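Student: Hi! I'd like to go through this protein with you. Can we bring it up and start with its strands?

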Amino acid sequence: MWRPWQLVYRTAFGCMVLEIFIHNVAQGLNVCMSGSATSCEECLLISPSCAWCAQEVGHEFGRARTLTSRCDLSQNLQKRGCEAHNIESPSSTTMVVKSEPLSSKGSGPTQYDVIQIMPQKISLSLRPGDQTSFEVQVRQVEDYPVDLYYLMDLSLSMKDDLDTIRNLGTKLADEMRKLTSNFRLGFGSFVDKNMSPFSYTATKYQDNPCNGYKLFPNCVPSFGFRHLLSLTDKVDRFNEEVQKQMVSRNRDAPEGGFDAILQAAVCKERIGWRKEAFHLLVFATDDVPHLALDGKLGGLVQPHDGECHMNEKNEYSSSTKMDYPSLALLGEKLAENNIYLIFAVTKRLYVIYKNFTALIPGTTVEILDQDSKNIIQLIVNAYNNIRSKVELTVWDQPEDLSLSFTATCQDGQPLPGLRKCADLKIGDTVSFNVSVDARGCPAPGTQQRFTIKPVGFKDRLEVSVDYRCDCGCTDWTQANSSRCSSIGQYTCGTCRCDPGYLGARCECQEGEAGSKYLSACREEEGKQICGGRGECSCNQCLCYESEFGKIYGTFCECDDFSCARHKGILCSGHGECHCGECKCHAGYIGDNCNCSMDTSSCVSDDGKICSGRGSCACGHCQCTEPGAFGDTCEKCPTCPDACGTKRECIECRLFDSGRLSDNQTCQRLCKDEIITVETLKTDDPNAVLCLYKTENECVMKFMYSEHANGMSVLTALKEPECGAAPDAMTVLLAVVGSILLVGIVLLAIWKLVITVHDRREFARFQSARCRARYEMASNPVYKQHISSHPIETDFIMYGKSYNGAAH
């Protein structure tokens, strides 16, 4: 048994040990004190939670404290006696400079003052590591003016297409005016560079490249790009220009279309692009384009400069002087001039141009019929598809800034990591939360700028940035201060000693050593001086230099290279190493900062995170639905909704019907291979049989399977199974026959019932009759009754009457 005093003593001792342990753990987690900051500016860079005390060491603050204790959490500094007005702890701020309300309509008297993004100007003051955020709203206004430039491939293989579009202008204008009251149309054409090996350059082909070509013996010389009609609302002129055109002939299969696209984008005055209009560039072709470096085949080594080169004939004058433009240059110029590019290509080229759209923002691809018969519907569909999306882009982003986006689309649900909303209606307003984080400090006085703008919009948000890296206490710096033994600069509560002097008050010279100084350079008794990674000089550790990085800390216990790595890269390249711990940049987490919080790579084609069958972790989908797999969990033959999802693709791809055909997302969502067969084999154990009833009450069947190469395959019947329609006369005869048969059966039953009833009655009558005969013949008591009456006889003779008596 413990005595009471022993119990009290042990309890107090245990509490003291626990308090010391908690205090040490807390200090171990205090990044501000572990950073060994020797100045206010260094302290602010360690962490946004760190603060610096500029108060002079005195009775209330600093007794028995080391130099680094000035950098601590703000609440800790105040507990230790540092007054609030002496604490330097700036924070990031956001100030809206210009914010005009969003417009609701694009045409009319206010068309030049249309606003589709709010706010328009913002000013940020950033402290490194202290994230701030602001909200951006975007609205696609109704009845916005549209400029459409039709850029057509006039190589020989497009002859039938040229014949089809000769009256395109009028029909297209009629359709587009259903969408906007302010529509203008322009026209240009291209073939390829008129030089070998891209075109025929022999003398006999100079005036007629089709010379000797039996199928089509006459055509015009090839050319790079020719601007034929500036944007105009007089659509009859479009028809006139198209009817004048003739096709040409080039030698190789690829065309020089990218030369033409770039000139149509940058030659704004020649083309006639309006600032207050929606810019559409329709690119119609039936072959692949030449890309950058292809020009070297013809000796063109000069890269494209991205400038306008149009001569007085409105032709591209540098076609034979510069190489083809790169995809990056093309995307830059299209975005710079707010142009949406629509690839109208034949079905066999769809995949190639679809890959281009991933590299060129603001582009879409549609399938063009072989003779361009569907071009009007194609343009209308592409316009509606473009207008149903809003995507933000960032221009001139400073390298030391991290930006992260959270989209809130029409359903009101925040989507972290996304800067795009789809399936919108014109007039819908969507918002984006933008978080900004500065990773470091540029040179003093530096101001940065960047721009946020929706793809294809003229509207933009201008963001100006300045940095809060300086401390206000530096304004009171004293040179050769007596507080620093007159051999140092006193600033923000500390001394910055002249070269050759050390100490809190510059009281020591470099090289002095002694036991009284060495004890202050050990973290605790028994450990190495300065952790074995530095030398003790005047009560302070001077850390060694290292080829791997910086060694620092009160006892040289920290460095910036001993953190976790991912694939050999320190902090995965997405963070900073600070005293053995990775401090991740905005948008990344994890011990080695290899886990991205961006969810854009997890969004499936239907706009859902991991197709609604899993969760996004570190930028990768983790499928939780049994049987689901794929990059975005989009493949799942055994899921309950698998047949329903694939049914919509069958409907739109094979029969141009269903939900997906209405909003023109079939090509985007349905990329599976579809095989049509006459008879469906259902014996494949790895495939799922799906069937559904069509609008015509027929049954459509298809098999859904996943191949080893990761591709989804749908094997479907060419036509739904429908029962044969019955013949009308047969139905009529069957109904009449049925009625007669029922009548006959009823009559027979009635006759049978009557016959049975009559026979029973007759038998009953016969029985009664027999009983009556027995009574008359054999009953001895019975005597037949005899009746008698007097007879009167009258004779009439010759008119006289005699009644049998004499008168």
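Student: How many bridges join strand 6 to strand 20, and do they run parallel or antiparallel?

Tutor: Six bridges join strand 6 (residues 121-126) to strand 20, and the two run parallel. Strands here are DSSP runs (E) of at least two residues, helices are runs (H or I) of at least four, and both are numbered from the N terminus. Two strands pair if DSSP finds at least two bridges between them. Before we go on, this is a predicted model, where local features need pLDDT of at least 70, side-chain atom pairs count only at pLDDT 80 or more, and totals for chains, interfaces and linings use all residues. Residues are numbered from 1 along each chain as its sequence is written, and side-chain values use heavy atoms, with hydrogens and water left out.

Student: Got it. Which residue stands opposite Lys121?

Tutor: That is Glu462, in strand 20.

Student: What about strand 19 and strand 20, parallel or antiparallel?

Tutor: Antiparallel, with six bridges joining strand 19 (residues 447-454) to strand 20. Phe450 stands opposite Val463 there. The two strands form a hairpin with six residues between them, and Gly456 in the turn has a positive phi of about 85°.

Student: How many residues of strand 20 are buried?

Tutor: Five of the seven residues of strand 20 (residues 461-467) are buried, so the strand is largely enclosed by the rest of the structure. Buried means under 20% relative accessible area, exposed means over 50%, and partly exposed is in between (1.4 Å probe, protein chains only).

Student: And how much of the chain is buried?

Tutor: Buried residues make up 42% of the 807 residues in the chain. The chain has 17 helices and 42 strands.

Student: Are the faces of strand 1 covered or open?

Tutor: Both faces are covered: Cys50 and Trp52 on one side, and Ala51 and Cys53 on the other, are all buried.

Student: How far apart are its end C-alpha atoms?

Tutor: They are 18 Å apart, which agrees with the 18 Å that the 13 residues of helix 12 (residues 375-387) should span at 1.5 Å a residue. The expected span is 1.5 Å times one less than the number of residues.

Student: What is Gly257 in contact with?

Tutor: Leaving aside its neighbours within four places in sequence, Gly257 is in contact with Phe190 and Phe283. Contact means heavy atoms within 4.5 Å. Gly257 sits in helix 8 (residues 257-266) and is buried, with a relative accessible area of 0%.

Student: Where are the cis peptide bonds you can show me?

Tutor: One runs from Met118 to Pro119, with omega near -5°, and another from Ser196 to Pro197, with omega near 10°. Most residues other than glycine have a negative phi, and most peptide bonds are trans.

Student: Which residue has a positive phi of about 50° although it is not a glycine?

Tutor: That is Cys571, in the loop between strand 30 (569-570) and strand 31 (575-578). Cys571 is buried, with a relative accessible area of 0%. Asn338 also has a positive phi, of about 55°, and counts as buried at 11% relative accessibility.
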